[in-house]
Amino acid sequence: MSSQPVILVLGATGKVGGETVRQLKSAGDNRVLAAVRSPEKAKHFHAQGIETVVLDLDQPETLKVGLEGVNRALLLSGYSVDMMRQSKRFVDAAKQAGVQHIVHIGASGAATNEVAHWGWHQFVEAYIEQQGFSYTHLRPEAFMQNVTGPGYRWLEGNVIRHHVGNARWSWIDCQDLALVAAHTLQEPEKYAGQIIPLGYDAKTFNEVAELLTEVVGQPFYAEARPPEEFLENALAAGADPAYMTCIYTQFKLNSSGAIPNADATFDNFEAITGQKPITWQEFAQQHKNELAY
Ligand SMILES: NC(=O)c1ccc[n+]([C@@H]2O[C@H](COP(=O)([O-])OP(=O)(O)OC[C@H]3O[C@@H](n4cnc5c(N)ncnc54)[C@H](OP(=O)(O)O)[C@@H]3O)[C@@H](O)[C@H]2O)c1
């Protein structure tokens, strides 16, 4: 029987979880299990020689089986208030299954109580701690992939439509977040008890558009739209009203400069990964072909 730690990764079909699975698989010193919501979604992983378990946070009966034999887990949820119920359910099941270490993907720790979903993530963190797990709480700032995709994105053609006025944000490439997640899952003793903020390049949307223009060699523009338009569009698209209202509130506060340190960057990345974090300049370079129009 293998003595390698068994690491379960939630959100494996998504941006952060998917890359975390790939990182852990290529590190090779663990047994990684990609959690998927249905057997159909497993096929893509099996083709790459990656093991899967079927685990749906909305189907409590799948948690017991999915968590069997798991030592460490990446807890990640989607963009919905259901994250609270789902995360508590997961933490309770993980406790029963004997999981030792949980790495949680949270959100910004900026000093405001007005952006509710940031607080929701902190309540989840507190519950993980209260249940006695060894833990690492990751608190990423804005994903560069919000602008470019994959999937839903703010860039349409050569215009980035956003809703935060002249706010300068702190940004992170999801691949870098996944790299940190993989390291903290591989070396839980080293990162136990830590809250790790992640955000490595501070830019306004105008500055992002200027960089894309420079790197791609075609003009890109940023267009500031009213925050109300974001909420209307998100609700019309069927997104969760509770979570989208939090983001709308964040955008409104950002627009008036009322979120302290929204552009805070951190110097912890190199010590964790041995690499430098991706800047917008490098990100644009890497995605140059997809960005060209
Ligand atoms: N976007 C940002 O700027 C930002 C910043 C800070 C923090 N975050 C946090 O990042 C997290 C999202 O990460 P992401 O962008 O990588 O997500 P994503 O690409 O939207 O993927 C979400 C993942 O969660 C899975 N999932 C959804 N509902 C589930 C359920 N009931 N049971 C099991 N799995 C379920 C999805 O599976 P399916 O493929 O089956 O749907 C998918 O794999 C959120 O917690 C968010 O708060 C985001």
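The legends below describe close-up views of a predicted model.

Residues are numbered from 1 along each chain as its sequence is written. Local features need pLDDT of at least 70 and side-chain atom pairs count only at pLDDT 80 or more, while totals for chains, interfaces and linings use all residues.

**View 1. The whole chain.** The chain holds 14 helices and 13 strands. Helices (H or I, at least four residues) and strands (E, at least two) are DSSP runs, numbered from the N terminus. The C-alpha atoms fill a box of roughly 55 × 35 × 35 Å, taken along the principal axes. A compact globule of 293 residues would have a radius of gyration near 19 Å, and the chain agrees, with 19 Å. That radius is taken over C-alpha atoms, and the globule rule is 2.2 Å times the number of residues to the power 0.38. Of the 293 residues, 44% count as buried. A residue is buried if 20 or more other C-beta atoms lie within 10 Å of its own, exposed if 12 or fewer, and partly exposed in between; C-beta atoms are placed from the backbone.

**View 2. The shell around the ligand.** The ligand is surrounded by 23 residues, counted if the C-beta atom, placed from the backbone, lies within 6 Å. The closest are Gly 11, Thr 13, Gly 14, Val 16 and Leu 57. α1 gives the most, with three residues. By type, the shell has 10 nonpolar, eight polar and five charged residues. Ala, Val, Leu, Ile, Met, Phe, Trp, Tyr, Cys and Pro count as nonpolar, Asp, Glu, Lys and Arg as charged, and the others, Gly among them, as polar.

**View 3. Helix α5 (residues 116-130).** His 117, Trp 120, His 121, Val 124, Glu 125 and Ile 128 are buried. They lie on the same side of α5, because they cover an arc of only 145 degrees around the axis. The arc is that of the directions from the helix axis to the C-beta atoms. On the other side, Ala 126 and Gln 130 are exposed. The buried residues pack against α4 (82-97), β5 (101-105), β6 (134-140) and α11, where contact puts C-beta atoms, placed from the backbone, within 7 Å. Gly 132 follows α5 with a positive phi, near 85 degrees.

**View 4. Helix α10 (residues 227-236).** Pro 227, Phe 230 and Leu 231 are buried. Their arc around the axis is only 95 degrees, so they sit on the same side of α10. The face turned away from this buried side carries the exposed Glu 228 and Ala 236. The cover over the buried residues includes α11 (241-255). Just after α10, Gly 238 takes a positive phi of about 90 degrees.

Definitions and conventions. Contact = placed C-beta atoms within 7 Å.
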